[in-house]
Amino acid sequence: MKRFIFALTALATAFTASADVEGVKTQNVRLERNGNYMVVDMDVDMSQLKVKSNRAVLITPAIVNGKDSLNFSSIGVYGRKRYYYYMRDGKSTLTGKTERSYRKAKRPDTVDYHSILPYQEWMEGSHLVLNRSLYGCCNAKVGEQSAALVNNYQTPTTEKVYFMPTFVYMRPHAEGVKSREIKGSAYIDFPVNQIVIYPEYRNNSAELDKILATINSVREDKDVTITSLSIKGYASPEGTYQHNTYLAKERTAALKSYVQNLYHFDAAIVSTNFESEDWMGLRKWVVESNIANKQAILDIIDSERDPDRKDWKIRTTYPEQYDYLLKHVYPALRHSDYKVEYTVRSYSDVNEIKQILATSPQKLSLEELYLVANTYESGSDEHHEVFEVAVRMFPNDEIANLNAANSAMQKRDMDSAKRYLSRAGNSPEAIYARGAYSAMVEDYATARTLLKQAEAAGIAQATETLKAIDTFVSNNK
C-alpha cells in the first residue's frame, strides 16, 4: 500500500451506540482519522459468544466503500480442536500475527479493541462494518454475518497538517549469553569486636532475609542458572586500620559461611572481598550533607594521610561533627554488598515471551522484545508499550533508544522522542531518525542535512523522505 505522509492533529470521529452479530455486541465505537492512519476503538462484548469444539469464529471490523475494502485486525475465538488446528508458532493461520487469538475456555468477556490502517483517499464516505465469520476444518468458511457500525465516514476539513515520515526500526543483535545480575547491601550487626553472626541480634534477621530473598528470587526460577555470588564487606573508620582489616575480612568470611550452610553452592561460585574502612562511603555522605565544617572534613578525607591519621584528625579537630558521624553515619559504613550474577535461557515462542513480558521483563533480551513488538500493528498502543519496556530495561542501549524514539514520534510524543534520540548513538539509522524528528518539528533545513547524510550512508528511506518533504512544503505554503 502507498504510504501517506500527512498527519493531522484534530481527530475526525464517528460514533454508534452499539452493533450486534450473533453472540457479539459492540459499544463505544469510535472511527477516526489520526494523521495518516484510520483508527478504530470499541468495546467488544463476547460474553454470549458460543463456539463449538470443532469451530472457530473470527470477528473482523472492515472499512468498505463500493469495491474497495480493507480489514482491521481480527479477534479469533477457537473451540478446543480448532485452536490446535489453526494456531501455529503463536499466530493464527487464518489472519496472521496481528490477530487477537483466544481459546474459547480462556476468552475474556470483553475486549478493549484498538486497530489501525493506513489512510487512503477512497475511505472518504466509507462504511465501517463488523463481520462475523464461522470456520470449520480445512480453512473452510461455513457461515458469515455482518452489521453496520459507522456509515458515510467524512474527515473534517479544519485540521492542521503535519509531516509524518517513514520510521526505520532496527532489529537488535541477539545476546549470545543472557547475563543478568541483582545486587544490594545488608547491614549485619556484630557484638563489639566479634566476628560471629547472630541471626537474632538486633536487626540481623531482616538484613539476612534481604540477602536470602535476593538469592531465592533467581534460584527458584527454572529458566535461570546462578553463575556467581560475590560478597564484599566493609568496616567503618573508627579504631585502628589493622583491627578494622581483621573485622572486615573475618565478618565477610562469616557471612559467606552462613550463606553456604544454607545453599551449599559450588565453591567456585562464591567469592568474597573486603575493604578495611569505607572512606568512599563516608565521603559520599559528607558531600551530600550540610554538616558544619563540611569542606574542611572533605579536605582531610581527600588528603594523603594514612587512614588512622585521617580518623584522628577529624576526631580531634572537629569533635562535635565527629561525634555525630560516629553515632549516625559510621553504622551505615559497616555493610556487606552482595551481587548475584546469573544467566537466563533464550525464548523463541512469542506467546511465552508475552507471558514473561507481563511478569518478568528483566529476563528478556532486546531481540526477544523486538519479536513481540513485531506481532502488533505499527503505531498501536501495544507496539509502543513494548518499546517503552525495552528502553526501561536497557536504558543505555543505543538500539533500544532508537526504537523507542521512533515509537514516540509515531505517537507524536516529541519530548520523549528527543530524549531517546540523545542516547541513540550515531548509526545511519539514528541519523535518519534525527532527520525525521527535525522534519516533524518543522526544522526542514536541519532535516534535509541529516537525511542527506543518512542517504549517503545507505538508508533507502531517506531518499523517499527528502522527496516527501519537498512535496509537503510545496503543498502547504
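Modeller: This is a predicted model. In the largest nonpolar core, which has 60 residues, the ones that touch the most other members are Ile215, Leu229, Val259, Phe265, Leu369 and Met409. Helix H11, residues 398-410, supplies the largest share of this core, seven residues.

Colleague: What does Val259 touch, not counting residues up to four places away in sequence?

Modeller: Val259 touches Ile211, Ile215, Leu229, His264 and Phe265. Contact here means heavy atoms within 4.5 Å.

Colleague: Which residues does the second, separate core include?

Modeller: Ile63, Ile75, Val111 and Tyr119 are among its 30 residues. As a general remark, nonpolar side chains in soluble globular proteins tend to be buried together.

Colleague: Now Asp223. Why does Asp223 count as buried?

Modeller: The relative accessibility of Asp223 is 9%. Buried means under 20%, so Asp223 counts as buried. Asp223 is placed in the loop between helix H2 (204-219) and strand S16 (224-234).

Colleague: What makes the pairing of Asp223 and Tyr347 a polar contact?

Modeller: Their side chains are joined at 2.9 Å, and the cut-off for the N or O atoms of a polar contact is within 3.5 Å. The side chain of Asp223 also makes a polar contact with the side chain of Arg345, at 2.9 Å. Leaving aside neighbours within four places in sequence, the residues in contact with Asp223 are Thr343, Val344, Arg345, Tyr347 and Lys363.

Colleague: Which residues are linked with Asp223 in a network of salt bridges?

Modeller: The network links Asp223 with Asp221, Lys222, Arg345, Glu352 and Lys363. The structure holds 22 salt bridges.

Colleague: Take Lys183 and Glu181. Why is this pair called a salt bridge?

Modeller: The closest N and O atoms of Lys183 and Glu181 are 3.7 Å apart. The limit is within 4 Å, from a side-chain nitrogen of Lys or Arg to a carboxyl oxygen of Asp or Glu, so Lys183 and Glu181 form a salt bridge.

Colleague: Why does Lys183 count as exposed, and why does Glu181 count as partly exposed?

Modeller: Lys183 has 60% relative accessibility. Exposed means over 50%, so Lys183 counts as exposed. Glu181 has 39%; that value falls between the 20% and 50% limits, so Glu181 counts as partly exposed.

Colleague: How do you know that the salt bridge of Asp381 and Lys411 links distant parts of the chain?

Modeller: The two side chains meet at 2.6 Å, N to O. Asp381 is in helix H10 (residues 381-393), Lys411 is in the loop between H11 and helix H12 (414-421), and the two are 30 residues apart. Asp381, with a relative accessible area of 43%, is partly exposed, and Lys411 is partly exposed at 32%.

Colleague: What does the salt bridge of Asp470 and Arg448 tie together?

Modeller: The side chains of Asp470 and Arg448 meet at 3.1 Å, N to O. Asp470 lies in helix H15 (residues 460-475) and Arg448 in helix H14 (residues 444-456), so the pair ties together parts 22 residues apart in sequence. Asp470 counts as partly exposed at 43% relative accessibility, as does Arg448 at 27%.

Colleague: Last, Gly458. Why is Gly458 called exposed?

Modeller: Gly458 has a relative accessible area of 57%. Exposed means over 50%, so Gly458 is exposed. Gly458 lies in the loop between H14 and H15.

Notes. Residues are numbered from 1 along each chain as its sequence is written. This is a predicted model: local features need pLDDT of at least 70, side-chain atom pairs count only at pLDDT 80 or more; totals for chains, interfaces and linings use all residues. Side-chain values use heavy atoms; hydrogens and water are left out. Helices (H or I, at least four residues) and strands (E, at least two) are DSSP runs, numbered from the N terminus. Buried means under 20% relative accessible area, exposed over 50%, partly exposed in between (1.4 Å probe, protein chains only). A polar contact is a pair of N or O atoms within 3.5 Å; within protein, one must be able to donate a hydrogen and the other to accept it, and residues adjacent in sequence count only if both atoms are side-chain atoms. A nonpolar core is a set of buried Ala, Val, Leu, Ile, Met, Phe, Trp, Tyr and Cys residues joined through side-chain atoms within 4.5 Å.
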